[in-house]
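Please look over the structure below before reading on. The notes after it are grouped by topic.

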Amino acid sequence: MTEKKRVHIKTFGCQMNVYDSERMMASLKADGYAETQTPEDADLILLNTCHIREKAAEKVYSDLGRIKKIKASNPDLQVGVTGCVAQAEGGEIVRRQPLVDLVIGPQAYHRLPEMLRDLKPGEAVVDTDFPIEDKFDHMKDGRKSMPLSAFLSVQEGCDKFCSFCVVPYTRGGERSRPVAKIIEEARHMVSLGTREITLLGQNVNGYHGVDEAGNEIGLAALIERLAVIDDLWRIRFTTSHPNDMDDALINAFRDIPKLMPFFHLPVQSGSDKILKAMNRHHNRASYLNIIERLREARPDLALSGDFIVGFPGETDADFEDTMKIVREAGYAHGFSFKFSPRPGTPAFDMEEVDPEVAKERLKRLQDEINAVQFEYLDGLIGKEVEVMLDKVGKYEGQIGGRTPYLFPIAISGDVGKLGDMVYATVKGRNHATLLG
Ligand code: SAH
Ligand code: SF4
Ligand code: F3S
């Protein structure tokens with residue numbers, strides 16, 4: 001028997017890429033490849049890339065530089081670039097780095113096996129089509145074991161066109177996978193050991209998939225359908241857009257116990273002027289109104305957000321509005337980024353804020369987010385929380401788990417084994433890790 005070819009996949013960017021990489025790996029394994037964690041041992045290296053900010057996109061080229069050295073000692077090595085940089089830059093990648101054999105955009109992964117078969121040395125193949133068929137319908141799912149907590153893509157693409165963002169261009173328009181496919185995949189994942197599923201979509205709450213009866217259903221109804229799966233304990237979803245929040249989804253946080261009380265709802269800015277320039281179609285008041293309704297439905301909801309500082313035109317006063325919304329909305333968690341001008345987006349040509357000013361604003365915002373996060377976590381001290389044990393402890397006599405609020409907790413004592421659901425009393429915290 002000939003030895004199996006070995007494939008190494010390196011993943012950048014968001015959870016959608018993590019999920020896509022898992023599916024590509026499963027499909028390649030079904031075609032006889034073996035996985036390797038070491039690029040030096042690989043016959044095929046795939047870089048699954050992210051285009052969201054300049055730094056993310058440039059990482060690809062520094063990695064390709066390193067791969068060039070590996071290829072010098074292994075001339076048969078095949079190299080592919082997948083993901084959002086592949087979609088955005090296409091054949092330009094091969095011109096910049098001729099060692100690349102394969103460039104495949106996010107909607108064409110089902111063609112990977114045949115492209116690999118047909119690959120000829122020295123002739124790069126580029127496929128950045130947006131075919132009508134669903135790639136996952138045509139990708140073999142040979143997954144044989146699954147982690148306790150796993151991702152499941154239900155929706156892809158975005159029609160929102162925020163003026164700073166590349167995603168509508170790299171992932172294409174909004175599409176939802178059919179309900180039956182999602183339920184079948186969820187059941188399969190649960191049969192392989194998964195107990196917590198995070199539903200993924202670039203605009204996951206804009207989900208509108210077709211069910212068996214031919215009716216379109218929204219995300220809340222999909223979650224209801226998934227919640228009946230016996231051994232599925234926890235459901236989460238990300239990322240949502242404020243304008244796609246409906247009453248059904250808000251009420252789902254009240255009515256579906258398996259839906260966990262942690263919710264990521266990016267606001268981007270606290271200034272109405274900047275939100276308008278960002279083409280967000282919501283304002284500060286409408287955002288805060290959603291949060292209020294969510295809290296009525298689920299008083300213990302932990303809220304998370306994304307923020308961009310230094311968007312073109314952002315004055316000190318605009319930035320102060322962002323600082324203020326952090327406490328007004330009552331975040332438990334947040335990601336903040338310095339605006340990065342992306343080619344092809346409307347904000348690319350707008351006049352930039354002084355980089356030093358932007359840097360200082362980012363620092364202030366991050367300090368504020370850390371402060372509210374610690375206050376939030378301190379508020380949990382003394383409370384009893386349900387914990388899914390999912391990690392060996394860092395220290396002797398400890399075991400790690402996740403609270404419903406997503407924050408990790410390290411529990412001391414002989415409380416159970418990995419995969420158990422237990423109750424713990426929060427005793428304190430070490431940075432962002434709770435202690436129980
Ligand atoms: N679909 C998701 C994820 C988008 S990317 C959503 O709508 O939230 C994740 C985050 O990256 C965004 O929420 C935004 O805060 C940030 N981001 C996107 N484009 C950016 C840019 N050009 N510069 C800086 N941050 C950006
Ligand atoms: Fe990008 Fe805006 Fe779409 Fe999110 S909603 S993916 S930030 S365009
Ligand atoms: Fe990056 Fe594409 Fe995700 S740009 S954040 S990998 S959708």
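The model is predicted. Ligand 1 has 14 residues around it, and the protein buries 89% of the 540 Å² that ligand 1 exposes when taken alone. The strands described below belong to an open sheet of six strands with parallel pairing.

**Ligand 1**

- Among the 14 residues that surround ligand 1, the closest are F164, Q202, Q268, D306 and S340.
- The shell around ligand 1 consists of six nonpolar, four polar and four charged residues.
- Two strands, β15 (302-309) and β16 (333-338), each contribute at least two residues to the shell of ligand 1.
- Backbone atoms approach nitrogen atoms of ligand 1 at several places: a backbone N or O atom of F164 lies 3.0 Å from a nitrogen atom of the ligand, a polar backbone atom of Q202 is 2.8 Å from a ligand nitrogen, and a polar backbone atom of S340 is likewise 2.8 Å from a nitrogen atom of ligand 1.
- On its own, ligand 1 would expose 540 Å², of which 89% is buried by the protein.

**Ligand 3**

- Around ligand 3 are C14, N17, T49, C50, H51, I52, C84, R171 and Q202.
- The shell of ligand 3 divides into four nonpolar residues, four polar residues and one charged residue.

**The six-stranded sheet**

- Strands of a sheet pair through backbone hydrogen bonds, in either a parallel or an antiparallel sense.
- In this open sheet the strand order is β2-β1-β3-β4-β5-β6, and the pairing is parallel.
- The edge positions are held by β2 (34-35) and β6 (125-127); each has a single partner strand, so one side of each has no neighbour in the sheet.
- Five bridges join β1 (residues 6-11) to β3 (residues 44-49) in the parallel sense.
- Within that pairing, K10 has L47 of β3 as its bridge partner.
- Helix α2 (residues 54-73) lies across β1, β3 and β4 (78-83), and runs at about 170 degrees to β3.

Technical notes. Residues numbered from 1 in each chain as written. Chains lettered and ligands numbered in written order. Predicted model: local features only at pLDDT ≥ 70, side-chain atom pairs only at ≥ 80, totals over all residues. Heavy atoms only, no water. Near = heavy atom within 4 Å. Polar contact = N/O pair within 3.5 Å; in protein donor to acceptor, adjacent residues only side chain to side chain. Areas by Shrake-Rupley, 256 points an atom, 1.4 Å probe, with all protein chains shown as cover. Helix = DSSP H or I, 4+ residues; strand = E, 2+ residues; numbered from the N terminus. Nonpolar A, V, L, I, M, F, W, Y, C, P; charged D, E, K, R; others polar. Pairing = 2+ DSSP bridges. Contact = heavy atoms within 4.5 Å. Axes fitted to C-alpha atoms, helices over the stretch in contact; angles between N-to-C directions.
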